[in-house]
Amino acid sequence: MIQLEQISKRYYQGKREIDAVKNVTLDVQKGEIFGIIGYSGAGKSTLIRCVNFLEQPTSGSVRINGIELEGLKRAELRAVRRRIGMIFQNFNLLSSINVFDNVAAPLQLVKTPKEAITKKVRELLDLVGLTDKEESFPHQLSGGQKQRVAIARALASDPEILLCDEATSALDPQTTESILDLLLEINRKYKITIMLITHEMHVIKKICDRVAVMENGEVVEQGTVMDIISAPQQPITKNFIKSIFDVTLPSVLLNKLENDKRPGKILRISFVGENAADPILADLATQFTLRPTILYGNITQIKETIFGCLIIGVTGEASAIEAGIDYLTQQQLRIEVIEHAE
Ligand SMILES: Nc1ncnc2c1ncn2[C@@H]1O[C@H](COP(=O)(O)OP(=O)(O)OP(=O)(O)O)[C@@H](O)[C@H]1O
């Protein structure tokens, strides 16, 4: 649906060259929610603006539904852009016209008949929960309401793709939740492909299917959100994950364990979905005569799937511990034997 191949964007500031995006290759599938996460200055905004050619890449190829954007005539580019809606952190509403007219603007631009406009705008305001705000002006709305108007406007031309440039960054946590729920609903109901950029892992965890991590203009890691959260590879990814799901042992526990001379091992057990309910600790005790002790645990929801992590200490015969680890591995659990200092 969205294919970015070897995208680079270089800005010039006087004689200074700024490589905002470097050789990024991504393939966003139809119907998915694809997130790009990175710290400030990583190049996220520049990259997402390359998708609809608000920024023209210095090199590389952007294809939307197989159409190469480079070399398109103005009218052809306009036609492709009509299939791509976009929302922004600061909403970008027109302050001098009311909510109805803001949502109607893209339809008026292509000379849609008046009755069709009224029908469509009312439908969209109903979808975003703002039926009673038709005549309000942007300054009379809260941040969350403004973003809802912006979403309605972005959907007015029935886009196949919605680009979200830090759409929830200016909103409080509760309003963020409601906007994310709305984006999920739009994705499911209308099968709209969503590409979003954010610096918040929570946004990725709640609504994205896949994620790319950006650092210094490059994508350093990408994959399904479950894979990235359960087995992050890069230090920057580990940092992002820590903000929503910390699986390191608290220092109080670490000190205690370092003074514990009993033979045994410490295991980090990661489990997904169904496995969450299996009585594995009881099995270790009864089948392998091991003594498992719960040291630390964390459980979270990644989109609709439960993901958990449990750190346990096990003591017992060395061979029984090995057999116990084999058994856990056979239960489709990810097992890591960790050092006290981890
Ligand atoms: N128009 C421009 N001219 C010159 N440099 C730019 C321009 N736009 C962005 N940059 C630079 O490109 C780099 C990437 O910026 P970009 O805004 O894409 O990052 P970002 O990850 O979206 O950051 P933020 O979350 O703070 O918006 C930064 O160093 C920025 O200063």
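Rings of Phe, Tyr and Trp (its six-membered ring) are taken to pair if their centres lie within 6.5 Å, with planes under 30 degrees apart counted as stacked, over 60 as edge-to-face and the rest as tilted. By this rule the count comes to three aromatic pairs, one of which, formed by Y39 and F240, is stacked at 4.3 Å centre to centre with 25 degrees between the planes. That pair joins distant parts of the chain, since Y39 sits in the loop between β3 (33-37) and α1 while F240 belongs to helix α9 (residues 235-242), 201 residues apart. The model is a predicted one, in which local features need pLDDT of at least 70 and side-chain atom pairs count only at pLDDT 80 or more, whereas totals for chains, interfaces and linings use all residues. Residues are numbered from 1 along each chain as its sequence is written, and side-chain values use heavy atoms, with hydrogens and water left out.

**Ligand surroundings**

- Around the ligand there are 13 residues, of which S40, G41, K44, S45 and T46 come nearest (a residue is near if one of its heavy atoms lies within 4 Å).
- The protein covers 63% of the 630 Å² of accessible area that the ligand has on its own (Shrake-Rupley method, 1.4 Å probe).
- At least two shell residues come from each of β1 (2-13), β2 (16-28) and α1 (44-51), and α1 supplies the largest share, three residues (helices are DSSP runs of H or I of at least four residues, strands runs of E of at least two, numbered from the N terminus).
- By class, the shell holds five nonpolar, six polar and two charged residues, where Ala, Val, Leu, Ile, Met, Phe, Trp, Tyr, Cys and Pro count as nonpolar, Asp, Glu, Lys and Arg as charged, and the others, Gly among them, as polar.

**Largest pocket**

- The largest pocket has a volume of about 690 Å³ (on a 1 Å grid over the protein atoms alone, a pocket is an open set of points with protein on both sides within 12 Å along at least five of seven lines, and lining residues have an atom within 4 Å of a point).
- Among its 20 lining residues, R81, I84, P106, L109 and S157 are the closest to the centre of the pocket.
- The elements α2 (74-82), β6 (84-88), α3 (99-109) and α5 (143-155) each supply at least two residues of this lining, which comprises 11 nonpolar, five polar and four charged residues.

**Cavity**

- One cavity of 30 Å³ or more is found in the whole structure (a cavity is a set of points where a 1.4 Å probe fits but cannot get out), and the largest cavity has a volume of about 70 Å³.
- Residues lining the largest cavity include C164, E166, L180, L196 and V203.
- Two or more lining residues come from each of α6 (173-190) and β8 (193-198), with β8 giving the most, three residues.
- The cavity lining divides into seven nonpolar, three polar and one charged residue.

Notes. Points joined across faces, edges and corners; volume = space filled by probe spheres on them.
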